[in-house]
Amino acid sequence: MSRLRSIIQILLPLVLGGAILWWMYRGFDWGTLQAAISGEVDWTWMWLSFPFGILAQVFRGIRWRQALHPLGEHPRLHTSINAIFLSYASSLVVPRSGEVLRCGVLKRYDGVSFSRGVGTVVTERVIDMAIIAVLSAIVFLLQLPVFMDFFARTGVSLSSFMGQFTPAGWIVTAICGLLIVLTGIYLLRRYELFARSRSVLSDLRDGLLSIRQIDGMGYFLFNSVAIWICYFLHFYLTFFCFKSTEGLGLDVALVAFVVGTFAVLVPTPNGAGPWHFAVKTVLMLYGVAGAEGALFALVVHSVQTLLVAVLGLYAVAALALTKPRDP
């Protein structure tokens, strides 16, 4: 039964992501992709975005290490960062698996309590959710007048724009929303099952409450904000790679970034499928043709996923050369 569950956990996200991608690109002109890759895309901006994608994970490793210090756990900095690199890469195969894997890496190489590590991961997720909630509220308030002005000047109503969605589009949206809810329930139940013993429950609680005892709270908050600034710049700079998006501006990128962040919550490898659908839909709202929006999403997501995989391979090599600490 456990083997069957493992197979389902691997295959279901792949099938779901593949099905959404097939539906989105079933009528796509693949010749445009070849033309874009060979000359139309300004790859300079793509290369300039890479350092921010790397720094986002580096800041995450630094912040995680800082959260562990109040618990008496002091992993090495390079181990913490490599654990983050490896966790993101592993989630390309099995979504959400990286959250557990990175705790296992610190347990193996630096002797960090696994359950305390999990507790700090939960704390990180709560902080990230708070940052995204604030950012979403700001983006919504700033963009609401833009939406209203857009509809007034173009004579397009929100209902007519939504009418462009096919029945399949509404089904995909509903499925993605349902899966986000189910994933949240699953993660909560998994942590609940994990915390059956009193000692493990105590370690989890300590991990969750570690933020109250962090030395240098300003530095901790700096790292938390820096993570998301880097994520955004990693995405925003790709707008300048395409003629269809280079003139859209910072505000449009913020909207697409926030919507795409929620889409990644759907349990598919790196959000493949739901992220493409969400970003394409936002770009259409700002006047980008559907085919051009789909091309943007396909190229950007593919390249950024490749970067995550390369960082994961680097982490595997670096950890292979890392000597575990003596107990």
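Visitor: Which residues is Phe242 in contact with, leaving aside its neighbours within four places in sequence?

Guide: In this predicted model, Phe242 is in contact with Val41, Leu295, Phe296, Val299 and Val300. Phe242 is also one of the residues with the most contacts inside the largest nonpolar core, together with Trp64, Phe239 and Phe296. That core has 67 residues, and its largest share, twelve residues, comes from helix α13 (residues 290–320).

Visitor: Why is Arg63 called buried?

Guide: The relative accessibility of Arg63 is 0%. Buried means under 20% relative accessible area, so Arg63 counts as buried. Arg63 belongs to helix α3 (residues 43–68).

Visitor: What makes the pairing of the side chains of Arg63 and Glu124 a polar contact?

Guide: The value for the two side chains is 3.3 Å, and a polar contact requires a pair of N or O atoms within 3.5 Å. Beyond four places in sequence, Arg63 is in contact with Glu124 and with others, including Ile127, Asp128, Phe220, Asn223, Ser224 and Ile227.

Visitor: Is Asn82 buried or exposed, and how do you know?

Guide: Asn82 has a relative accessible area of 4%. The cut-off for buried is under 20%; therefore Asn82 is buried. Asn82 is placed in helix α4 (residues 77–90). Not counting residues up to four places away in sequence, Asn82 touches Tyr314, Ala315, Ala318 and Leu319.

Visitor: Why is Leu142 called exposed?

Guide: Exposed means over 50% relative accessible area. Leu142 has 54%, so Leu142 is exposed. The residue sits in helix α6 (residues 114–154).

Visitor: Which residues form a nonpolar patch on the surface with Leu142?

Guide: Val134 and Ile138 form the patch with Leu142, and about 280 Å² of area is accessible for the three together. Patch residues need over 30% relative accessible area, and Leu142, at 54%, is therefore above that cut-off.

Visitor: What is the secondary structure of the protein chain as a whole?

Guide: The protein chain has 13 helices and zero strands. Of its 327 residues, 48% count as buried. The chain exposes about 16600 Å², and carbon and sulfur atoms supply 71% of that area.

Visitor: What percentage of contacts between residues at least 6 apart in sequence join residues at least 24 apart?

Guide: In the protein chain, 77% of those contacts join residues at least 24 apart.

Methods
Residues are numbered from 1 along each chain as its sequence is written. This is a predicted model: local features need pLDDT of at least 70, side-chain atom pairs count only at pLDDT 80 or more; totals for chains, interfaces and linings use all residues. Side-chain values use heavy atoms; hydrogens and water are left out. Patches are made of residues with over 30% relative accessible area and no salt bridge: like charges are joined within 9 Å, nonpolar side chains (Val, Leu, Ile, Met, Phe, Trp, Tyr) within 5 Å. Accessible areas come from the Shrake-Rupley method with a 1.4 Å probe; for residues, only the protein chains shown count as cover. A salt bridge is a side-chain nitrogen of Lys or Arg within 4 Å of a carboxyl oxygen of Asp or Glu. Helices (H or I, at least four residues) and strands (E, at least two) are DSSP runs, numbered from the N terminus. Buried means under 20% relative accessible area, exposed over 50%, partly exposed in between (1.4 Å probe, protein chains only). A polar contact is a pair of N or O atoms within 3.5 Å; within protein, one must be able to donate a hydrogen and the other to accept it, and residues adjacent in sequence count only if both atoms are side-chain atoms. Contact means heavy atoms within 4.5 Å. A nonpolar core is a set of buried Ala, Val, Leu, Ile, Met, Phe, Trp, Tyr and Cys residues joined through side-chain atoms within 4.5 Å.
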